Amino acid sequence: MRRHGLEVALDFGRAAPAADRIRALTGAGTLAWYQTRVERAREWHEQALALAREAGDRVAEAFSLCNLSGPAAELNDLDGAIAYCEAGLAIEAFPAVVKRRERDREPTRDRRFAQQRPRGGDPPLRDSRRVH
């Protein structure tokens with residue numbers, strides 16, 4: 001999706017439930033950060049944080065605070081980056097963020113299949129990605 005298209009989609013989504021909007025803003029902020037659009041990433045993560053606080057979603061608030069540390073560090077605001085991380089970690093809901101991430105990393109059926117040793121004794125597929 002083009003950058004402009006993403007912004008239009010986020011504008012149309014203003015009527016969406018808070019949880020969906022937070023997820024979209026977080027994704028947009030992360031995408032912008034990967035594209036080195038650091039200021040835009042910070043703006044979207046700040047919007048996600050404000051919406052999480054408004055909705056009373058402590059898990060999303062903790063997640064947003066930690067996400068804001070990346071753009072802060074990129075903008076050479078190391079004290080701000082540390083403060084965002086500490087604020088996110090201080091929220092009692094933060095263990096739920098860790099659990100959510102661990103759950104997302106659990107092997108799906110497709111990942112388990114890719115890790116199985118194929119017939120004929122070839123190494124598992126995951127080993128073929130190693131750099132020797």
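Tutor: We shall take the terms in turn and set each value against its definition.

Tutor: This is a predicted model, in which local features need pLDDT of at least 70 and side-chain atom pairs count only at pLDDT 80 or more, while totals for chains, interfaces and linings use all residues. Residues are numbered from 1 along each chain as its sequence is written, and side-chain values use heavy atoms, with hydrogens and water left out.

Student: How many helices and strands are there in the protein?

Tutor: The protein has 7 helices and 0 strands. Both are DSSP runs numbered from the N terminus, helices being H or I with at least four residues and strands E with at least two. From the N terminus on, the order of elements is α-α-α-α-α-α-α.

Student: What makes S64 count as buried?

Tutor: Buried means under 20% relative accessible area, exposed means over 50%, and partly exposed lies in between (1.4 Å probe, protein chains only). S64 has 1% relative accessibility, and therefore counts as buried. This residue is found in helix α4, residues 58-74. Leaving aside residues up to four places away in sequence, S64 touches T26, H45, A48 and L49, where a contact means heavy atoms within 4.5 Å.

Student: Is N67 buried or exposed?

Tutor: N67, also in helix α4, has a relative accessible area of 17% and is therefore buried. N67 and A81 stand 14 residues apart in sequence, and their C-alpha atoms are 9.3 Å apart in space.

Student: Why is E86 called exposed?

Tutor: The relative accessible area of E86 is 52%, so this residue is exposed. E86 lies in helix α5, residues 78-90. From L65 it is separated by 21 residues in sequence and by 8.6 Å in space, C-alpha to C-alpha.

Student: What proportion of the residues of the protein count as buried?

Tutor: Of its 132 residues, 30% count as buried.

Student: Which residues of α2 are buried, and why are they said to line one face?

Tutor: The buried residues of α2 are R21, I22, L25, T26, A28, G29 and A32. Seen down the axis of α2, they fall within an arc of 165 degrees, so they line one face of the helix. The arc is that of the directions from the helix axis to the C-beta atoms. The face of α2 turned away from this buried side carries the exposed residues R23 and Y34. As a general point, an α-helix has 3.6 residues a turn, so residues three or four places apart point the same way.

Student: What puts the buried residues of α5 on the same side?

Tutor: In α5 the buried residues are G80, A81 and G88. They cover an arc of only 105 degrees around the axis, which puts them on the same side of α5. On the other side of α5, the residues L78, D79, E86, L89 and A90 are exposed.

Student: Why is α2 called roughly antiparallel to α3?

Tutor: The axes of α2 and helix α3 (residues 38-55) come within 8 Å and cross at roughly 160 degrees. That makes α2 roughly antiparallel to α3. Angles under 35 degrees count as roughly parallel, over 145 as roughly antiparallel, 65 to 115 as roughly perpendicular and the rest as oblique. Axes are lines fitted to C-alpha atoms, for helices over the stretch in contact, and angles run from 0 to 180 degrees between N-to-C directions.

Student: How are α3 and α4 arranged?

Tutor: They pack at an angle of about 160 degrees, with axes 9 Å apart. That makes α3 roughly antiparallel to α4. Among the residues in contact are H45, A48 and L49 of α3 and S64, L65 and N67 of α4.

Student: What makes α2 and α4 roughly parallel?

Tutor: Their axes come within 11 Å and cross at roughly 20 degrees. The helices α2 and α4 are therefore roughly parallel to each other. In this pair, I22, T26 and W33 of α2 meet residues of α4 including F63, S64 and N67.
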